[in-house]
Amino acid sequence: MYKTSWKDRIYPVIGAVMVAVLSFFVLYAGDNVGLSDNGDFRRVLLANNLEYEDESDYYYLFKQDYRMTVEGSNPVTKAFSVLRTNKDWDIYSSPHFFFIKLSKLLNLFANWNAGREETAYNIGWLAGIYIFLFACAAWGIFTFFAGMRLRLKTAVLVIFLLVFCDAGYLLYFNSFYGEPLQYVALMMLLSVGLMIYKNPTIPKVVYFYISLYFFAGSKLANVPFSIIISLMAAVIIILRKDKRFKRWVLGSAAVSVIMMIGLYASIPEWMQQDTTYQSVFFGIVKESDTVNEDLEELGVDAKYSVLANTNAYMDESEYPIDVHSDEFKRDFYDRVSKLDLVMFYFNHPGRLFGKLSTAIKNTAYIRPPNLGNMPDVKMTLTDKYSTWSKLRVMLRFMYSPLIIFSIFALLSLYIIFLDIFYIRNRRLEDPKRMYMMIGINVLIAGLWINLILPMVANGEADLQKHMFLFIHCNDIMLMTLIIGMFSMTRRQVLISVSAVGVLTAAFYVRLPMRTVTFGTFEGKPVAWNVIQTYEDGSRLLVSKNNITEMAFDDKNNRWETSDIRIWLNRDFLREFTDDEKEKIVPVENELLLSAEDKDMASGGSHTHFWNFTPEQVGNLAESAYHYYLEDRVFLPTLDILDDVRARGKSWILCPYAANSYMQRYINNDGFILHTDVTNKIGVRAVVKVKE
């Protein structure tokens, strides 16, 4: 047993309170913030008898208030009514619903107490449940470190508050996604696992497996990893010799595995079909040069190659064939299993490496950059308590495929070496050492599984959100390594910090671009970067800095009639001399179109699929709805973004294709985001100039 002083006992309590207070501050100090709906809320709301209080713009605005169904003639029947599942819309079930129903009950009691309308539902009560569970998890983690040196305890507290209370994580709490339950359940598993290490008891074991069940059920894709955890965690039996304890451990593990198999078996057919479709047509054969051969290897008729690069969330009119027909179900869904997908990548490791590289590039942001955070301003990302989110983006090696694969490979080999060494030298006879080694093995396995599984099981659709668990595990690993530095010598710490500094700096080293001056704006010469020089001596120039800030338009994202196009080709050129204007060569650009403007297209078969990474933003643009237009001055286009140095936010010539009122821009970190056309963003001009 570990003995702690009263100072050590107060440390985890203070830490847990700080976590709870900071979490409330992030979500509710000033403007309330959360995550907007991407379409996933619908099935949760329907199954739990909830609906939006205001359905306008819910895709791009965070919504705090909803309506719930309350029926009955007395408080008891009304309370039971809010716990009822809507069987008409019981399209899937999840342990996630337990907390949603609990939040409905809390809302009902609060409404009675405050005299509000009974049907009012504030999602803040759901966030409050998550915050409470999160603070409890933090308490357990801090308890583990309570008896250690003050310097280490302080470091653990600061790291936890900085990293795991970052808005990138906490914004999920104010949403109906499964990720917040996944997040707090994993933190609970870590917390209880550490507490079991210090003092193994039956209640802690039971609580560990309960947390594991909710972790598995939060996102049904977690079930395979959860079963592995359940089986490996059975090593807990070695921590105590009494048979009663061992029976509880083994019994809890067995029940856990059975319940998780039941969770997997409960996945509805439509969900299995959607993920299989994504895995093949927006995964394996996406941008493949051998589509027919790939489909034939999967046992699918090559006639379905026309579906390559399509996903399960497209408008019905965009599919070249009927993907809901009995024939397609028979020819595709009845033939392709998840095992077939695994075996395909097993036989094509190079393809798997390429897909995983894409997945890693999508882990720069913790929060999905396509979801709005604010209740009033469309598609706006909050800056509240986002220090770690910003640092993650700055530390570019954290989402570099080469660096990540190298680190993971080295860690995996190191852990395998330790496993072999301890087993061969009987160093694992100490039960606690063996328990801790199993824990480290689980973490490493989790990193690999949660890197591979989203891509193999669901393809590239909504990939950034599906990588959330990988991001979380990656941050746990990184923070574990940082905490481990406190047991290093000063020299070792200096070497480690220097290595991180060198890795970070290496990604910012770029050859300087040639700069010229051409034209005048507001009385000052305009500096331009030379992007390309053509054989006839003409040059493509991009303004080195933002010329000004302005809205794209006051109505829509159609470049042809936009305010910004008129301004660039008229007002911006007013101070240019006649000779300078004469040197500007008109350029015909291929312009992408939103779904609402697709009737204007001269080519293309689908809307331009969204991706925020600079390397992938132009994926499938050549087959997206487009037409052509000639301009003297225009915005940066997709084909030159690699050469556009990010200097503040600036518009690019690419609409957000899902609607007609969002336009895309290059962020100051180099990623491509989107916002409402009426919001003011920087303007960088592009011109082609002849000698």
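**Group meeting: a walk through the predicted model**

Let's start at Glu179, which sits in helix α8, residues 179–198. Helices here are DSSP runs of H or I with at least four residues, strands are runs of E with at least two, and both are numbered from the N terminus. Before going on, a word on the source: this is a predicted model, where local features need pLDDT of at least 70, side-chain atom pairs count only at pLDDT 80 or more, and totals for chains, interfaces and linings use all residues. Residues are numbered from 1 along each chain as its sequence is written, and side-chain values use heavy atoms, with hydrogens and water left out.

So, is Glu179 buried or exposed? Glu179 counts as buried because its relative accessible area is 1%; the cut-offs are under 20% for buried, over 50% for exposed and partly exposed in between, with a 1.4 Å probe and protein chains only. Contact means heavy atoms within 4.5 Å. Setting aside neighbours within four places in sequence, Glu179 contacts Tyr172, Lys219, Lys465 and Phe468.

Now to the nonpolar cores. A nonpolar core is a set of buried Ala, Val, Leu, Ile, Met, Phe, Trp, Tyr and Cys residues joined through side-chain atoms within 4.5 Å. The largest one has 157 residues, and the members touching the most others are Phe134, Phe160, Phe164, Phe173, Phe176 and Phe281. Helix α5, residues 124–144, gives the most to this core, with 13 residues. There is also a second, separate core of 59 residues, which includes Val393, Leu568, Ala624 and Leu673. What does Phe173 touch, not counting residues up to four places away in sequence? The list is Leu27, Ala127, Tyr130, Ile131, Phe134, Pro180, Tyr183 and Val184.

On the surface, there is a nonpolar patch formed by Trp6, Ile10, Val13, Ile14, Val17, Met18, Val21 and Trp139, with about 760 Å² of accessible area together. Patches take residues with over 30% relative accessible area and no salt bridge, joining like charges within 9 Å and nonpolar side chains (Val, Leu, Ile, Met, Phe, Trp, Tyr) within 5 Å. A salt bridge is a side-chain nitrogen of Lys or Arg within 4 Å of a carboxyl oxygen of Asp or Glu. Helix α1, residues 6–28, supplies the largest share of the patch, seven residues. Ile14 is in helix α1, and Ile14 counts as partly exposed because its relative accessibility is 44%.

Next, helix α18, residues 401–424. Its 24 residues reach 34 Å from first C-alpha to last, close to the 34 Å expected at 1.5 Å a residue; that expected span is 1.5 Å times one less than the number of residues. Its buried residues include Phe405, Phe408, Leu411 and Tyr422. Among the elements covering them are α16 (349–361) and α19 (431–458).

Finally, some loops. Asn309, in the loop between α13 (291–297) and α14 (326–333), has a phi near 75 degrees, a positive value in a residue other than glycine. Asn309 is buried, at 19% relative accessible area. Glu522, in the loop between β4 (515–521) and β5 (524–533), also has a positive phi, near 55 degrees, but Glu522 is exposed, at 60%.

My last stop is Asn667, in the loop between β13 (662–666) and β14 (672–676). Asn667 is buried, at 9% relative accessible area. Its C-alpha is 6.4 Å from that of Gly648, 19 residues away along the chain.

Note on methods
Areas by Shrake-Rupley, 256 points an atom, 1.4 Å probe, with all protein chains shown as cover.
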